[in-house]
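Subject: Structure handover

Hello,

Here is the structure for you to look over. Please open it alongside this message.

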Amino acid sequence: MDISELYKIFTEHPVVTTDSRDCPEGSMFFALKGASFNGNAFAKKALEQGCAYAVVDEKQYAEEGDGRYILTDDCLKTLQRLANHHRRALGTRIIGITGTNGKTTTKELIAAVLGEKYNVLYTQGNFNNDIGVPKTLLRLTKEHEIAVIEMGASHPGDIKTLVDIVEPDYGLITNVGRAHLQGFGSFEGVVRTKGELYDYLRDHGKKVFINAGDPILSDIAGSLIRIKYGMSGVADTEVNGEVTACDPYLNFRWRAEDGPWHNIGTHIIGSYNLMNMLAAACVGLYFEVTPGQVDHALASYVPRNNRSELERTAHNSLIIDAYNANPTSMAAALANFRDMKAGKKMAILGDMNELGAVSAEEHQRTADFLKSAGFDKVWLVGPEFGKTNCTFRKFNNVDEVKKAIEAHRPEGFCILIKGSNSIHLSELKEWL
């Protein structure tokens, strides 16, 4: 079926699902494949559950004579082509965001700022891969005035695949750090892949929002038209700012060029979130959101999903940053925690996954930092931290930590909880 014919069907049935357990009446089911499942086998069930059409790529699953089955060569590529076709048909202004750290928080902050003035579509959760991005684009309607699309990557070429689907009008890379090195092969591979967003913007005469104080980003941006933000003292920025306090929530001030200062008290932990805040202010001002609206959005934002959250229990204060971890974000979180004013400090850290050949080196680097950080108590969780040369208490997994807490729960601590999501440290909240 030609993509224009498929798009006509989509306009009449504009809800897409890839899960046969979630089939809204009249929706379209795309039979995607994974390492352990074949969506084609669930096409019939999806139709029985309420879908109007099922897009499949294996002929034996398309029942002959039943016009509700649409046979294609590759369901994932068809989903991506449909999303791109829809994006072109609507012509909505799109900001594409990627980066090693902070991209989800920055995406949400930008959406909050733009939401003060516009009807905004933005990526929900971390739907930032080759499936999540097209599904997000297919949620676009004529009512949306602007979209903020997050793009993630763990292998070379991932960002190019996504930008070719999204075709962003503007781009923002939060930073480039040492993450997913097993997939990228090297830090240089990370830089090249994140830079694929800049490559697209440059080739199509688009603009980039950029941290003017980041030498890596400035280098790979090359001739791109730049809308700049940065720390106070960085020359020639549209927005600049500085931290005023961080005990424990981030307080900062920002201004447009040399204009008046705006003081903001936030609900987010970590001085490392300053750049995410400034990025959102910069984008907002560019799209004519008023400074007062920017202030309101940034001050009102409350983090979710175990990202830079503060939670006070009956026993401790918890700084929960357990959604993801890599050497760059771990170093920033630990430095911020070290400098934070608090009573007794405890760190519960989980392995940083997908680091490949440098995993032992990076985990030892973190352990060495901890030796001089002066924290009252440190627990390390996971096999990679288990190999480090240090005297901190070590656990193989989160279940062992729970048993230790059950036997003797820490009391009266400010506790930083950070590690890769697969270590499941977020489960400790109810135990502490």
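Below are notes on a pocket, the cysteines, one asparagine and some backbone features.

Please keep in mind that this is a predicted model.

**Pocket**

Start with the second largest pocket. Its space comes to about 370 Å³. The lining is made up of 15 residues. Thr18, Leu32, Phe37, Ile131 and Lys135 are the ones that lie nearest the centre. Sorted by class, the lining holds 6 nonpolar and 6 polar residues, plus 3 charged ones.

**Cysteines**

How many disulfides does the count come to? The count is 0. Cys23 is in no disulfide, and its nearest cysteine sulfur, in Cys51, is 3.6 Å away. Cys23 counts as buried, at 12% relative accessibility.

**Asn84**

Asn84 is placed in helix α3, which covers residues 75-90. Is Asn84 buried or exposed? Its relative accessibility is 13%, so Asn84 counts as buried.

The side chain of Asn84 has polar atoms close to two backbone oxygens. A polar atom of this side chain lies 2.9 Å from the backbone oxygen of Ile165. For the backbone oxygen of Asp164, the distance to a polar atom of the Asn84 side chain is 3.3 Å. Leaving out residues up to four places away in sequence, Asn84 touches Asp164, Ile165 and Glu167.

**Backbone**

Which peptide bond is cis? The one from Asp247 to Pro248 is, with omega near -5°. Pro248 is in the loop between β11 (239-246) and β12 (249-256).

Two residues other than glycine have positive phi values to look at. Glu257 has phi near 50°. Glu257 is in the loop between β12 and β13 (262-269). His424 has phi near 65°. His424 is in the segment after β19 (413-418). At 40% relative accessibility, His424 counts as partly exposed.

Best wishes

Terms used: Residues are numbered from 1 along each chain as its sequence is written. This is a predicted model: local features need pLDDT of at least 70, side-chain atom pairs count only at pLDDT 80 or more; totals for chains, interfaces and linings use all residues. Side-chain values use heavy atoms; hydrogens and water are left out. On a 1 Å grid over the protein atoms alone, a cavity is a set of points where a 1.4 Å probe fits but cannot get out, and a pocket is an open set with protein on both sides within 12 Å along at least five of seven lines; lining residues have an atom within 4 Å of a point. Grid points are joined across faces, edges and corners, and a volume is the space filled by probe spheres set on the points. Ala, Val, Leu, Ile, Met, Phe, Trp, Tyr, Cys and Pro count as nonpolar, Asp, Glu, Lys and Arg as charged, and the others, Gly among them, as polar. A disulfide is a pair of cysteine sulfur atoms within 2.5 Å. Buried means under 20% relative accessible area, exposed over 50%, partly exposed in between (1.4 Å probe, protein chains only). Helices (H or I, at least four residues) and strands (E, at least two) are DSSP runs, numbered from the N terminus. A polar contact is a pair of N or O atoms within 3.5 Å; within protein, one must be able to donate a hydrogen and the other to accept it, and residues adjacent in sequence count only if both atoms are side-chain atoms. Contact means heavy atoms within 4.5 Å.
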